[in-house]
Amino acid sequence: MTSCTSSNTPVSPDFREFLAGMPKAELHLHLRGAMPPGFFSYLLEKYPPKLVLGDVPKRFLDIFNRYDNIRPFLKSPTAVPIQTLFKYCSFDQFLATYLFTSYFFRTAADFRNLIKAVRSELTSQNIVYAEITVSLIEYLNQGITMEELTLALDETADEPGVEVMWIADLVRNTGPLKTLETLDRLLACCPRRLVGITLGGNEHQFPPAQFESLYARAREEGLHLSVHAGEALGPLSVWDALEILKVERVGHGIRAVEDPTLITHLAEHKIPLEICPTSNIQTQVCRDYESHPLPSLHAAGVPISLNTDDPTFFHTTLVDECLHACTMGIDESDIVAILAGGFQHAFIPKDRKAIFLQQLKNYCGQHNFSN
Ligand SMILES: [Zn+2]
């Protein structure tokens, strides 16, 4: 899983540079999945393995010991190059690695520093707007309080650089009741920059239909609604997300391509999909870039944004995703139109979107790019 296959269609270095400088948006990006590797090195130095591993249940320790990318970090983490950690041969190994990293966020300061490191990385890539998904339960489980978490979410997002709004992943694996409880605890802290909710996790065991009450509650509170669907499960999960949860966007949703009626519905009702091609390949939802349904969905008029999902774990950036879309046969002007979709489909008021879209238009004008 360390190297991704792609077709050999050449992409001009000028277009890569043009994309790198362009003001861009990310709408499907998990906070911990975006942590710069150097930041995780800092945590490995800060926390001796003995301290951290004492909190890990034996069944997880056994899993960590099974994988040669994680095993060296259980003994003397600073003796191993950090990139070694982010190399996997299977989806289970990726999941184990993701879980392993969760044990190193032990204080509110770690959480705050994680946000700062991610914001700094996004700003350096000219991402000017990001809706970052945060799985609060992971940090609550480490003993950080909801009050500390929400304070960090608000205060760090106020700093200069990329404009950040938050989407709470209520983590479907915790079950319908627990997700409702987590939402209520979050809302009690009145986070200013929370714009919406989503659910990540195991779609098979916890399909959308189980979370109707959660989504009704979030809707009552004026939150925007997205959900991971049509990734592990087929088009029925997307229909349930639309009809039962009444979501405004769908996280991934690419398996909608298996149902022509659903494709028409998404296009006619202008329901955007948050598409993350490299993630889909690394998690084995798609075989390779050539067979990814992005071009079919785009050609059918389904609104789309391009995203990275867990860029550090999947070795990608938003510019990389654009270049992969080029190799799928999407032309340069359509790539720019899809990037504009990142602003158009954001959960922010129309006047804010208009400002970002004008920035994008000005940038294209300065580079004599018309679409
Ligand atoms: Zn995701």
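**α1 against α17.** I looked up who touches whom here: Arg16, Leu19 and Ala20 in α1 meet Val319, Cys322 and Leu323 in α17. I count a contact when two C-beta atoms, placed from the backbone, lie within 7 Å. Helices here are DSSP runs of H or I with at least four residues, strands are runs of E with at least two, and both are numbered from the N terminus. This is a predicted model, so I noted the limits: local features need pLDDT of at least 70, side-chain atom pairs count only at pLDDT 80 or more, and totals for chains, interfaces and linings use all residues. Residue numbers start from 1 along each chain as its sequence is written.

Next I checked the geometry: α1 (13-21) and α17 (318-327) have axes 9 Å apart and pack at about 140 degrees. Axes are lines fitted to C-alpha atoms, for helices over the stretch in contact, with angles from 0 to 180 degrees between N-to-C directions. I therefore wrote the pair down as oblique (under 35 degrees is roughly parallel, over 145 roughly antiparallel, 65 to 115 roughly perpendicular, the rest oblique).

**α10 against α11.** I found the axes of α10 (176-188) and α11 (212-220) coming within 9 Å and crossing at roughly 15 degrees. That makes the two helices roughly parallel. On the α10 side the contact uses Pro176, Thr179, Leu180 and Leu183, and on the α11 side Ser213, Leu214, Arg217 and Ala218.

**α13, inside and out.** Which residues of α13 are buried? In this helix (260-268) I got Leu262, Ile263 and Leu266. They span an arc of only 105 degrees around the axis, which puts them on the same side of α13; the arc is taken from the directions from helix axis to C-beta atoms. Pro260, Thr261 and Glu268 are exposed on the face turned away. My cut-offs: buried is 20 or more other C-beta atoms within 10 Å of the residue's own, exposed is 12 or fewer, partly exposed is in between, with C-beta atoms placed from the backbone. The cover over the buried residues includes α12 (235-243) and α15 (294-299). After α13 comes Lys270, with a positive phi near 50 degrees.

**The sheet.** I read an open, parallel-paired sheet of five strands, in the order β1-β2-β3-β4-β5. Strands pair if DSSP finds at least two bridges between them. β2 (127-134) and β3 (163-169) share six bridges, and Glu131 has Met165 in β3 as its bridge partner.
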